[in-house]
Amino acid sequence: MKILVVGSGGREHTIIRKLKESPRVDKIYAAPGNGGIAKDAECVNIGAMDKKGIVDFARENNIDIVFVAPDDPLAAGMVDALNENGIRAFGPKANAAIIEGSKVFSKNLMKKYGIPTADYEVFSDPAKVMEYIDSRNRYPVVIKADGLALGKGVIIALDREEALGAVKEIMEDKKFGDSGNNVVVEEFLTGPEVSVLAFTDGKVVKPMVSSKDHKRAYDNDEGLNTGGMGTISPNPYYTDGIAEICRKTIFEPTIAAMNNEGRTFKGCLYFGLMITPDGPKVIEYNARFGDPEAQVVLPRLKTDLVDIMEAIIDERLSDIDIQWSDEATACVVMASGGYPLSYPKGLEISGLDENGQVEGATVYHAGTKLENGKFYTNGGRVLGITASGKTLDEALEKAYCAVSKISFDGVHYRKDIGKTK
C-alpha cells in the first residue's frame, strides 16, 4: 500500500513510524513533513491546507489511503474533498470535525444530550462576558476561544484583571483571529486530567490506552498554556472503574449524539477529561490524535494501524480486536527557548544520529529541518523524546537520560513530567 500522511509535527512523525511497522505498507509520503520525518517517509512540498494539491497528488500517485492528521485541514473539509474524488481517507468529515472546530458547538451538544461537562455560557460581546463574570464573581474562571487556536485558545483567569486581559486578547486584539469572535466562559473544574483517544467508525467506539498531558510551560504546572510539554501512558488516575463510567456516560453518548445530529464521526476522537469530585467530565473534544498524546499511545499499539484505519473507513471496527502493550511510556518535549511566545529558529541540534534518533529512546521530530545532513530547530516544540519501560518510573528515567544527550541553544523542557497531578 501507498499512504500519504498530511501534517508536519510530532504527531505525524509518530503516525508514520507506526505505519512503517505494517507489512502491508510499501511507501509512505508526508505533506509537508519535517526534517525528522524525511528519514522515515518521502516529504512532498504540499501544505497541509492545500486541498487541491493533496487530492491531485493522491490521484497522480495512486495513494491507497490519505491520513489527515491535523485539526485545521479536517475542519476545512480535507476528508470530504478526498472522498468526493474517490480517494480513501482516514479522519472525520468537516461536519463531524466541528466537534473540535467549534467550542460552542461541542458545549451545546453536551448540554443537549446530557454529557457531563462544566457549566458554561456563550458570548459574542466582550462587555457581556465581563458582566457575566462579575455577576458570578467566582475565580478561577475558564475563557475559551470558540474556534481552533493551536491548542492555546484557553485561558484560566485567576482574578478579574486576568479575565479582562483574556477577553481583550481573544475578542478585541483577535490574537487567534476569527476563532475569538465568540467565547465560551466555563466554571473551573478541579481534579486530575486524563486524555483518552478513541477509535470509532461511527457505530462502535474503542478507547485506546489512557494518557496524561502536561500543558503548562514550566515545572509545577506554572507558566503559559502550550500545545503540550510531555505525556505519560497509562494515566495513573484512570482506573477501570472510571473507564467504565466514561464509556457509559461520555464515550458512547457522544458517538450517539453525533449520529443523531447527522454528523457521524469516523476516525480518532480525543476526549479531554477531568476526574472531578462529581465524576468524570469533558473538558474538550479533539477530532484527531492529540500531540503529544500520540507519542505515548501509539507506541503501545500492537495491532496493525492500517487494519484499524481500513476497518474504520469501511465501518467494520467491531470486527477488529485491538491489542495494547502493558508497558508504560513517557514523552518529554524539548522546546525552543521562549516557547510558547516568540522563539528563534535555525539552531543546530546536537546529539542525534544521522536518522535523527538517540540510543535508548525514540525521537519524534515536531519542529525540525534537515540541511546538509544536519538537523536544525524550526518550531516551538522541536522534539518529543519517548521511552518505554515496565514501570512509569523506568520509562521516565530512560526518556530523561535520552534528553540529556541532546542539546541546542536555549533548549527548554520540563523536569517533572509524570510527577504532577
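I'm working from a predicted model here. I then looked for K369's partner and found that its side chain meets E371 in a salt bridge, 3.9 Å from N to O. E371 is partly exposed too, at 39%.

Next I checked K398, which forms a salt bridge with E394 at 3.6 Å, N to O. Why are these two about one helical turn apart? Because they sit four residues apart in helix 12, residues 392–403.

Then I looked up K374, whose salt bridge with E348 has its closest N and O atoms 3.9 Å apart. This pair links distant parts of the chain: K374 is in strand 21, while E348 is in the loop between strand 18 and strand 19, 26 residues away. I got a total of 32 salt bridges. Some join up into a network, made of R24, R88, D307, E310, D314 and R316.

On to the inside. I found that the largest nonpolar core has 48 residues, and F251 is listed among those with the most contacts inside it. Helix 9 (residues 240–260) gives the largest share of this core, seven residues. Leaving out neighbours within four places in sequence, I saw F251 touching several residues, including V196, P207, F271 and L273.

Last, I turned to the second largest pocket, with about 570 Å³ of space. It has 23 lining residues, and K152, V154, I155, L224 and N225 are the closest to its centre. Which element gives the most to this lining? I found helix 8, with four residues. By class, I noted 14 nonpolar, three polar and six charged residues in the lining.

Note on methods
Residues numbered from 1 in each chain as written. Predicted model: local features only at pLDDT ≥ 70, side-chain atom pairs only at ≥ 80, totals over all residues. Heavy atoms only, no water. Core = buried A, V, L, I, M, F, W, Y, C linked by side-chain atoms within 4.5 Å. Buried < 20%, exposed > 50% of the residue type's maximum accessible area, 1.4 Å probe, protein only. Contact = heavy atoms within 4.5 Å. 1 Å grid on protein atoms, 1.4 Å probe; cavity = no way out; pocket = protein on both sides within 12 Å on 5 of 7 lines; lining within 4 Å. Points joined across faces, edges and corners; volume = space filled by probe spheres on them. Nonpolar A, V, L, I, M, F, W, Y, C, P; charged D, E, K, R; others polar. Salt bridge = Lys/Arg side-chain N within 4 Å of Asp/Glu carboxyl O.
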